[in-house]
Structure formats: C-alpha cells, structure tokens
Amino acid sequence: MKVLAGVVLLSSAHSALAQDAADGDAAAGANKAKICKTCHQFGEGAKNAIGPVLNGVVGRKAGTYPGYDYSEANKNSGITWDEATLKVYLKNPKAKVPGTKMSFVGFQKDSDINNVVAFLKTLGPDGKTK
C-alpha cells in the first residue's frame, strides 16, 4: 500500500509541476518580455509605439487598442487574445495572422512563451499589475 501511495504522490507532484511549467513564471516572463520593448510599451504611462500598448492584452480583441494603426489582417482576424491564442501567436506571429505588421519572428522555447504570457496576464488595462 505504501508503494501505491508513493506512486500517487509522485504522479500528483509531476502533474503539478507540469501545470506550473505550462502556466509559466511571470517574473521570468517580465525579464523575457524586455525584448518586446523594442516595439511595444507596457506598464503605467505606456503609449503606442511601433506596436500597440500591451497593457490588458489578455482578453482584448485583436486590433482594438485605441489610437494604434493596425494592419487589416490584425483588425479582421476575429481573434481575442486569450492564453492559448497568444501562445500560438508568440511562437510565429506571421503564421497565426498572415499579413500582420509584427516583424518579430517568435519565441522558440515554449517555456519562454509560457513565461511571457504569464507576465502579460499580470498587466491590467492601466498597466498596473493585477
């Protein structure tokens, strides 16, 4: 019986770790998202730049941040930026939204993508962390 309990405990721990990895690490994502600052701003006082403000992006309909001149492809994509969609987009933006103006080639590591999405989830529409 002890062996079975140990197997169940290890299986539960492994599942929890796998879920944590899939959820990402917001602090690591904040560090990795520094590359995004080449084109985007986020945080309090952020303004549109080469790319739109990323505050509140999770849950926002694509192509709708006020005052940014989006590509027709982005405006007409029908996408709402949820976690799953962001993960696909951040892997290869041009494959997810052909015709996007975003020139970033994408993150190669799933862990980087998960971490950046975890960080983006912390940004409220006003740039304050949730």
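Student: Where does pLDDT stay under 50 in this model?
Tutor: Over residues 1-20. For that stretch the model has 0 contacts beyond four places in sequence. pLDDT is the predictor's confidence in each residue, from 0 to 100; contact means heavy atoms within 4.5 Å.

Student: And what is the mean pLDDT of the protein?
Tutor: The mean is 88, and 83% of the residues reach 70 or more. This is a predicted model, so local features need pLDDT of at least 70 and side-chain atom pairs count only at 80 or more, while totals for chains, interfaces and linings use all residues. Residues are numbered from 1 along each chain as its sequence is written, and side-chain values use heavy atoms, with hydrogens and water left out.

Student: How many helices and strands?
Tutor: 6 helices and 0 strands. Both are DSSP runs numbered from the N terminus: H or I of at least four residues for helices, E of at least two for strands.

Student: Take α4. Which residues are buried there?
Tutor: T85, L86, Y89 and L90, in a helix spanning residues 83-91. Buried means under 20% relative accessible area, exposed over 50%, partly exposed in between (1.4 Å probe, protein chains only).

Student: Why do they line one face of the helix?
Tutor: Seen down the axis of α4, the buried residues fall within an arc of 125°, so they share one face. The arc is taken from the directions from the helix axis to the C-beta atoms. In general, an α-helix has 3.6 residues a turn, so residues three or four places apart point the same way.

Student: What do they pack against?
Tutor: α3 (72-75), α5 (93-96) and α6 (110-121).

Student: New topic: T100. Buried or exposed?
Tutor: Buried, because its relative accessibility is 7%. T100 sits in the loop between α5 and α6. Leaving aside neighbours within four places in sequence, its contacts include Y89, P93 and K94.

Student: Which backbone nitrogen lies 3.2 Å from a polar atom of the T100 side chain?
Tutor: That of M102.

Student: How many aromatic pairs?
Tutor: 4. Rings of Phe, Tyr and Trp (its six-membered ring) pair if their centres lie within 6.5 Å; planes under 30 degrees apart are stacked, over 60 edge-to-face, the rest tilted. W81 and Y89 are tilted, because their planes stand at 55°, with centres 4.8 Å apart. Both residues are buried.

Student: And F104 with F107: what are the distance and angle?
Tutor: 4.9 Å centre to centre and 65° between the planes, an edge-to-face pair. F104 is partly exposed at 25% relative accessible area, while F107 is buried at 4%.

How values were computed. A polar contact is a pair of N or O atoms within 3.5 Å; within protein, one must be able to donate a hydrogen and the other to accept it, and residues adjacent in sequence count only if both atoms are side-chain atoms.
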